[in-house]
Amino acid sequence: MKTDPPDPRLHALVEGIVRIASGDLTTRIPQSGARDDVAAVIAGINLMADDLQTIYQELEERVESRTAMLRDAQVELERMALTDPLTQLANRTALNSVLSHALAETARGELPPALLVLDLDSFKGINDTLGHSAGDDVLRVISRRLQESVRETDTVARLGGDEFAVMLPKSNLVRARRVANRILKALGESLEIGDLRITCGTSIGLRVAEPGQSVDDLVMEADTAMYAAKAQPHSSIRVFEPALLYARRLQSVMITELREAIGQDQLTLHYQPVVDLATGRTEGVEALVRWNHPERGLLMPDSFIPLAEETGMIVDLGHWVLRNAVRQLRHWQQELNVDDKFNVRVNISTTELQNLDLIEHVRDILSETGVDAANLIVELTESMAINGGDVDKYSLSGLRRLGVQLEIDDFGTGYSSISYLRKLPVNVVKIDKSLIAGLGSDEEQSNFVAAVLHLIHACGLKAVAEGIETAEQAAELLRLGCASGQGYYFGRPVPAAQIEALIGPGALGLD
Ligand code: C2E
Ligand code: MG
Ligand code: MG
């Protein structure tokens, strides 16, 4: 029996299906022009291949666009991770990365990078008085000025708060100093915030990297130089030197030690008599804190009070002083029978006045000891009484309500507060020792002190003079109408036990 030769299209059909199935979607099976079942199958397969090809193309396009979106998002994420959102400057991470790149280049023989660390001097005040949105505006203006002061290749970063950094690649001290000066000038220009014009000082620390230095060390050293610049009164630039590192280490050791000192009773109070100039009788004492340092001996307040203020430890220190001074007074009242006007003066710093617990604390100590509030005199400085904000006013009026007396210390050294003197919420004014020094020898000085005394009395306040070192000064003050005085002439500050001879039953003027 004779069989028909196989239809040649079937072979092409099978081959086509295999190619399409293997993913070659451009494959089409040739048509012969016949109109039979095989032709219909071929047409069907070709149509299916068309569809598949379209679907596949769409899928590919979609994958491509999604991949592009992902890539953009990743770039944006990276940018955000390296940018300060407020100023759009580089952030600390970005700075570290450019620094590490620059330091690596230095290791290959390039010139080293220089790093400037900047801190605005009065930013906290701006934030506190004008509000945070004004503070943000200031930061943005400063950022723009910084960027305009440097080259494209330099990196300007915001490290946080009001701290900025500028990295100058392939630099040297001369160039870095020039840039720092330019920045200081640009930032020193006043800026407009709302309808206010303000100026904001800047402190700049400068460090040119050493070969082999790590990023962390470079940043820390530029930062150390910035702190040294900050210690200077006006906007200034400080170039890093190793001695600064030593001073900073010493300071951080001292911070730890002072914290321990307050907890471990290494502090001690010395007392200096305040006398009635007419009779020589001791009216009271001023408590002056000292630090009995285990290695360095007795330290005077000037060497640790500023540090305590800077770190906020002054609040604990001040509580300690108040508690111990008032307890000491109670002891004298009970053991030595001092008269009921005998008072103790305690110095208070700005930070303590801004602490809302102050009044509570004073009230507790007075009730714990049973000491009358009128026997406690709190000494504060002129600027504290005049410039204080709401919390200060709250503290001062709270203390007054308790019955505590308030005294302006070091009067005549700060502001010319003549017009303020009448409004100040105080009872006593202590004339500073710098005004007393020339008394007795210099007639003009006598006239001046006489006028100051008149002023104090005209405001209905009592006057005390401090820093009396000679009998002439004491006599002159008495002649000018000053009722009370304090100074080496009457007695230096001494431990409680030594002052007892002056205030005990056998003391001058007490019987
Ligand atoms: P201040 O309150 O004006 O204290 C007077 C300072 O003058 C004391 O120095 C005292 O020893 C010194 N002085 C007394 N008489 C004379 C004198 O005749 N001639 C001279 N040249 N100086 C005299 P000190 O004890 O070194 O205290 C310095 C400052 O430290 C104090 O000045 C006060 O502002 C601060 N201070 C002392 N104790 C405390 C405290 O417990 N808390 C706070 N916040 N500050 C304190
Ligand atoms: Mg004082
Ligand atoms: Mg004083």
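So, Lys 430 and Glu 407: these two form a salt bridge, with their closest N and O atoms 3.8 Å apart. Lys 430 sits in strand E14, residues 428-431, and Glu 407 in strand E13, residues 405-411, so the pair ties together parts that are 23 residues apart in sequence. Keep in mind that this is a predicted model.

Buried or exposed, what is Lys 430? Buried, because its relative accessible area is 0%. Glu 407 counts as buried too, also at 0% relative accessibility. And the pair belongs to a network of salt bridges that links Glu 286, Arg 345, Glu 379, Glu 407 and Lys 430.

Okay, other salt bridges. The structure holds 26 of them. One that I like is in helix H2, between Arg 79 and Glu 76. Their closest N and O atoms are 3.1 Å apart. The two residues are three apart in the helix, which means about one helical turn between them. Arg 79 is partly exposed at 38% relative accessible area, and Glu 76 is partly exposed as well, at 34%.

Then there's Asp 7 with Arg 9, whose side chains meet at 2.8 Å, N to O. Here Asp 7 is partly exposed at 25% relative accessibility, while Arg 9 is buried at 13%.

Back to helix H2, which covers residues 37-82, for Glu 61. That one counts as exposed, because its relative accessibility is 55%. Glu 61 gathers with Glu 58, Glu 60 and Glu 64 in a surface patch of negative charge.

Last bit, the overall layout. The chain divides into domain 1 (8-68), domain 2 (92-240) and domain 3 (255-497). Going by C-alpha atoms, the centres of domain 2 and domain 3 are 41 Å apart.

Note on methods:
Residues numbered from 1 in each chain as written. Chains lettered and ligands numbered in written order. Predicted model: local features only at pLDDT ≥ 70, side-chain atom pairs only at ≥ 80, totals over all residues. Heavy atoms only, no water. Domains from an automatic or database assignment. Patch = residues over 30% accessible without salt bridge, like charges linked within 9 Å, V, L, I, M, F, W, Y side chains within 5 Å. Areas by Shrake-Rupley, 256 points an atom, 1.4 Å probe, with all protein chains shown as cover. Salt bridge = Lys/Arg side-chain N within 4 Å of Asp/Glu carboxyl O. Lys, Arg positive; Asp, Glu negative; His and termini not counted. Charge placed at Lys NZ, Arg CZ, Asp CG, Glu CD. Helix = DSSP H or I, 4+ residues; strand = E, 2+ residues; numbered from the N terminus. Buried < 20%, exposed > 50% of the residue type's maximum accessible area, 1.4 Å probe, protein only.
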